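Subject: Structure for your review

Dear colleague,

My notes on it follow.

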Amino acid sequence: MFRFLFSRLALLIPTFIGVSIVAFSFIRLLPGDPIMLLAGERGMTEERYQQLQSTMGFDRPLVVQYFNYLLDLLQGDFGTSIVTKRPVLQEFFTLFPATLELSFCAIVLAVVIGVPVGMLAAVRRGSWLDQTIMGSALVGYSMPIFWWGLLLIILFSGVLGWTPVSGRISLLYYFPPVTGFMLIDSLLSGQDGAFKSAASHLILPTVVLATIPLAVIARQTRSAMLEVLGEDYVRTARAKGLPPRRVIGLHALRNALIPVITTIGLQVGVLLAGAILTETIFSWPGIGKWMVDSVFKRDYAVVQGGLLLIAGIIMIVNLIVDVLYGLVNPRIRH
Amino acid sequence: MATNTKSTDAAIGLEGGAPIAVTRRARLAEFWYYFRQNRGAVIGLAVFVVIVAIAVLAPVIAPHSPSMQNRGAFLLPPVWEDGGRWEFVLGTDAVGRDILSRLIYGARFSLFIGVVVVSLAVTVGIFVGLLAGYFRGAVDTVVMRMMDIILAFPSLLLALVLVAILGPGLVNAMIAIALVQQPHYVRLTRAAVMAEKGRDYVTAARVAGAGNLRLMFKTILPNCTAPLIVQAALSFSTAILDAAALGFLGMGAQPPTPEWGTMLAEAREFILRAWWVVTFPGIAILVTVLAINLMGDGLRDALDPKLKRS
């Protein structure tokens, strides 16, 4: 097991170096001079330009620049935002809980609905129920989620007036962040109605972000289940006279879930890509909106740092999924 | 597999014109037989053909010019709502442009995006994947690590950043999307090539004196196409979705281009006042993507022999 873990970790190193090269090159590939970008429209004197160039290290050879960049990264220095002048890492950790809360709720929703619905479709294969479920899953999978979000806003916020349009909590409530997760913080604050407000703000973004993963998980569960239901041991279990519920719930589901776990892990990239759109639509103050805003504000230090941090998260989650997969499926380890 | 023998014959030079035409027609018939089994796929194909026709005939069927602003017709509702006019069946947007005409012209952009992105991604992906799978060793390691790097980023984020580097616009958005999609083709091609390379017909062709290039492109590649076709269909729809998303974020096609995502971005501020400016472009995207995905599912069923039996 340790050898397996170690080999996976070793594979991560070249990828991480590559990702850091991408992030490093990003600022240098941009049209225009990064230092002149800093100055904006005011411009700067030749002297100041030289000075900035040497403090920021742009006058040194690229290789040296890259190694300095890598050294900074290892010390936790991901650069400083050009707009807010705050360290990128600090901004990231302020905003990340919002994205984490949203993504967590979305993936839970997707799994809680997707797995049973996919099982149901597999067990009732060919029925109208199966066709309805798979039809809806395909619609969900094809959904432009930025439009889906706008539609839900029109219906639930505009016509029905049930949910708020944007943000994480009503402006009526204020409490200092403890965990960064609004649902928990609002409970801890003890203010009347705060939790309800936080939850109502979370519903629509969660539904929007969960749509594609839900569809993917339902489809994957169905096909994994169908494959397993045809296996000999399922037939044996049936022949022994076990009740169908036990055969499906215990014998089949356990093995069908193995590929589903991988699918769930792969959704992390989908979630973070979806977070870019979802957070933009609902003005959700997370890292997706942060990245989009930074691209527009030309805050390239943030884009650079954010790229690296987000890629890092995806790589770590993929590693965890790989290891989990190895745990539940010993054949993979060797 | 019948396809293998055919390709071996071709590689060794045994082919005669007629039998190949027959097998090709037979294979097409077989494909159509399985494709037809999937009702959804046939519906998807029909819808897709209609969309293609709309795109091709846009100047003929669109009632107005997509960019003409009609004074005195701002934010008109669709014809079945109070205040709607037959002149503008699906209503008008904030500057008085006919939404139906813009949607009709928008079909051109979406299909164009799909075709360009998939062609770019397929060409580069297959070539690189062939190199990696055929030569293995250092080439393979370098290529696969590079693909891992691209796949470590969320596709939309990477596309967004690439567009930030290249500058916003439809062409740059297409290049960025093609770049983030091609690792999938590289991986698929590589896996298929590795599976095929050890087969007897490849050895036979090599013994007959076929060079590397011929082995790669004429002997092995034709037998790896099934998963690639399925992937192409699926990434066609992803390309349309991603381009619309970039347009929506203001990084894709720029206004006043009647691209569906860009139309949505322009309509955003009116969502609570004029539902139609938001609703129809989204329906257009959804219907197109859904039709292509339905077709993709049908293609997979028809081309994947493993699923055929089940």
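In these notes a residue is buried if 20 or more other C-beta atoms lie within 10 Å of its own, and exposed if 12 or fewer do. The model is a predicted one.

By that criterion, helix α10 of chain A (residues 232–239) lies largely in the open, because the number buried among its eight residues is zero. After α10(A) comes A:G241, which has a positive phi near 95 degrees. For chain A as a whole, 38% of the 334 residues count as buried.

Chain A

Chain A contains 14 helices and zero strands. Its C-alpha trace spans about 85 × 55 × 35 Å along the principal axes. Of the contacts in chain A between residues at least 6 apart in sequence, 72% link residues at least 24 apart.

An unreviewed UniProt entry assigns the feature "transmembrane region" to several stretches of chain A, including residues 198–218 and 302–328. In the model, residues 198–218 of chain A are 100% helix and 0% strand, with the end C-alpha atoms 28 Å apart. Residues 302–328 of chain A are likewise 100% helix and 0% strand, and there the end C-alpha atoms lie 38 Å apart.

Chain B

For chain B, the unreviewed UniProt entry gives the annotation "domain: ABC transmembrane type-1" at residues 107–296. That span of chain B is 82% helix and 0% strand, and its end C-alpha atoms are separated by 19 Å.

Within chain B, helix α5 (residues 99–135) packs against α13(B) at an angle of about 30 degrees, the axes being 11 Å apart. The crossing of α5(B) past α13(B) is right-handed. On the α5(B) side the residues involved are B:I99, B:L103, B:G106 and B:S110, which meet B:W276, B:V277, B:F280, B:P281, B:A284 and B:T288 of α13(B). By class, this contact of α5(B) with α13(B) comprises seven nonpolar, three polar and no charged residues.

B:V163 belongs to helix α7 of chain B. This residue counts as buried because it has 23 C-beta neighbours inside 10 Å. Leaving out residues up to four places away in sequence, B:V163 touches B:P168, B:N172, B:A173, B:A176, B:L246 and B:M251.

The contact between the chains

Chain B contributes 34 residues to the contact and chain A contributes 36 residues. On the side of chain B that touches chain A, the elements giving two or more residues are α6 (137–151), α7 (155–166), α11 (225–248) and α13 (275–303) of chain B. The largest share of that side, ten residues, is supplied by α13(B). In composition, the side of chain B that touches chain A has 26 nonpolar, five polar and three charged residues.

Which residues have the most contacts inside the largest nonpolar core? They are B:L157, B:A159, B:L160 and B:I177, in a core of 178 residues. One of these, B:L157, is also in contact with chain A: apart from neighbours within four places in sequence, its contacts are A:L272, A:A273, A:I276, A:M291 and A:I310.

With kind regards

Conventions
Residues are numbered from 1 along each chain as its sequence is written. Chains are lettered from A and ligands numbered from 1 in the order in which they are written. This is a predicted model: local features need pLDDT of at least 70, side-chain atom pairs count only at pLDDT 80 or more; totals for chains, interfaces and linings use all residues. UniProt positions are given in the numbering used here, feature names are shortened, and annotations may be inferred rather than shown by experiment. Helices (H or I, at least four residues) and strands (E, at least two) are DSSP runs, numbered from the N terminus. Two residues are in contact if their C-beta atoms, placed from the backbone, lie within 7 Å. Ala, Val, Leu, Ile, Met, Phe, Trp, Tyr, Cys and Pro count as nonpolar, Asp, Glu, Lys and Arg as charged, and the others, Gly among them, as polar. A nonpolar core is a set of buried Ala, Val, Leu, Ile, Met, Phe, Trp, Tyr and Cys residues joined through C-beta atoms within 7 Å. Axes are lines fitted to C-alpha atoms, for helices over the stretch in contact, and angles run from 0 to 180 degrees between N-to-C directions. A crossing is left-handed if the near helix is turned anticlockwise from the far one by less than a right angle, and right-handed if clockwise.
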